[in-house]
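Here are my notes on the model, point by point. Please keep the structure open as you read.

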Amino acid sequence: MTNKELSADLKKRAIALGLCRQWQRDWTTEDKSILCDMYIDGLDFCIINNYPTTEYMKENFDGIMQNHGIYVDEKVSINGAKLLVYVINGESTGDIVLDDFDICDVYIRHNSDINIIAKGQSSIYINVFDNAKVNVTQTGSLSRVNVYKHGDNVSIVTDGKNIQVKDGKLE
């Protein structure tokens, strides 16, 4: 599939799921890298609609999506926040370690199982969905972790004093 066909197919699928008119008008790119940025920008829509599927993402964006902090069915190893947002999808496993002044949002979905360590003066916002599991360790008095639980099937294990777990809600 060409990039033009891929973009048209994604747009058509999104419209069928109720993509708003503004996004329909603004959707002009065929560039896969920009499409990955659009995924991050429209993440609420994508999560609510499970769009695109993990299979679709792997088939069409593997090797590109990882540069944008998007992972599907893979071993994740992030040491220091190079991006503001990370989205962990599918059956991914791995570790995220934040230190110093790292700040980021992490979305953990599907059946992923992720360990997160926050230390130094890091600040992390974690959203956990579906059947995902997260094990969060927070050390020191200056790092902060906020975990948002989306659903009853998620598993959240915490170790640390500066961790808050709250019910989450996407709009």
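1. Which residue in β9 is the bridge partner of Y125? The partner is N146. Strands here are DSSP runs (E, at least two residues), helices likewise (H or I, at least four), and both are numbered from the N terminus.

2. A word on the basis. This is a predicted model, in which local features need pLDDT of at least 70 and side-chain atom pairs count only at pLDDT 80 or more, while totals for chains, interfaces and linings use all residues. Residues are numbered from 1 along each chain as its sequence is written, and side-chain values use heavy atoms, with hydrogens and water left out.

3. Stay with β9. β7 and β9 pair in the parallel sense over six bridges. Two strands count as paired if DSSP finds at least two bridges between them. On to β11 (residues 163-167): five bridges join β9 to this strand, and the two run parallel. Here V145 stands opposite I163.

4. V147 also belongs to β9 (residues 144-149). V147 has 0% relative accessibility, so it counts as buried. The cut-offs are under 20% relative accessible area for buried, over 50% for exposed, and partly exposed in between (1.4 Å probe, protein chains only). V147 and M65 are 82 residues apart in sequence. In space, they are 24 Å apart, C-alpha to C-alpha.

5. Now the open sheet. Five strands form it, in the order β2-β4-β6-β8-β10, with parallel pairing. β2 (75-79) and β10 (155-159) stand at the edges. Each has a single partner strand, so one side of each is left without a neighbour in the sheet. Neighbouring strands are turned by 10° against each other on average, direction ignored. That angle uses axes that are lines fitted to C-alpha atoms, for helices over the stretch in contact; angles run from 0 to 180 degrees between N-to-C directions.

6. Next, the bridges across this sheet. β2 and β4 (residues 93-98) run parallel and are joined by five bridges. K75 stands opposite T93, and V76 has G94 as its bridge partner. Six bridges join β4 to β6, again parallel. L98 stands opposite A118 there. β6 and β8 also pair in the parallel sense, over six bridges. I116 stands opposite V136 in β8.

7. How do the side chains of β2 point? They alternate. V76 and I78 point to one face and are buried.

8. The structure holds two aromatic pairs. The rule: rings of Phe, Tyr and Trp (its six-membered ring) pair if their centres lie within 6.5 Å; planes under 30 degrees apart count as stacked, over 60 as edge-to-face and the rest as tilted. F45 and Y51 have ring centres 5.8 Å apart and planes at 75°, so this pair is edge-to-face. F45 has 21% relative accessibility, so it counts as partly exposed. Y51 is buried, at 8%.

9. Y107 and F129 form a stacked pair, 6.5 Å centre to centre with 15° between the planes. This pair links distant parts of the chain, 22 residues apart. Y107 is in β5 (residues 103-108), while F129 is in the loop between β7 (123-128) and β8 (133-138). Both residues are buried.

10. Last, the largest pocket. Its volume is about 260 Å³. On a 1 Å grid over the protein atoms alone, a pocket is an open set of points with protein on both sides within 12 Å along at least five of seven lines; lining residues have an atom within 4 Å of a point. Grid points are joined across faces, edges and corners, and the volume is the space filled by probe spheres set on the points. Of the 17 lining residues, L35, M38, Y39, C46 and Y51 are the closest to the pocket centre. The elements giving two or more residues to the lining are α3 (32-41), α4 (43-49) and α5 (54-61). α3 gives the most, with four.

Notes:
On a 1 Å grid over the protein atoms alone, a cavity is a set of points where a 1.4 Å probe fits but cannot get out, and a pocket is an open set with protein on both sides within 12 Å along at least five of seven lines; lining residues have an atom within 4 Å of a point.
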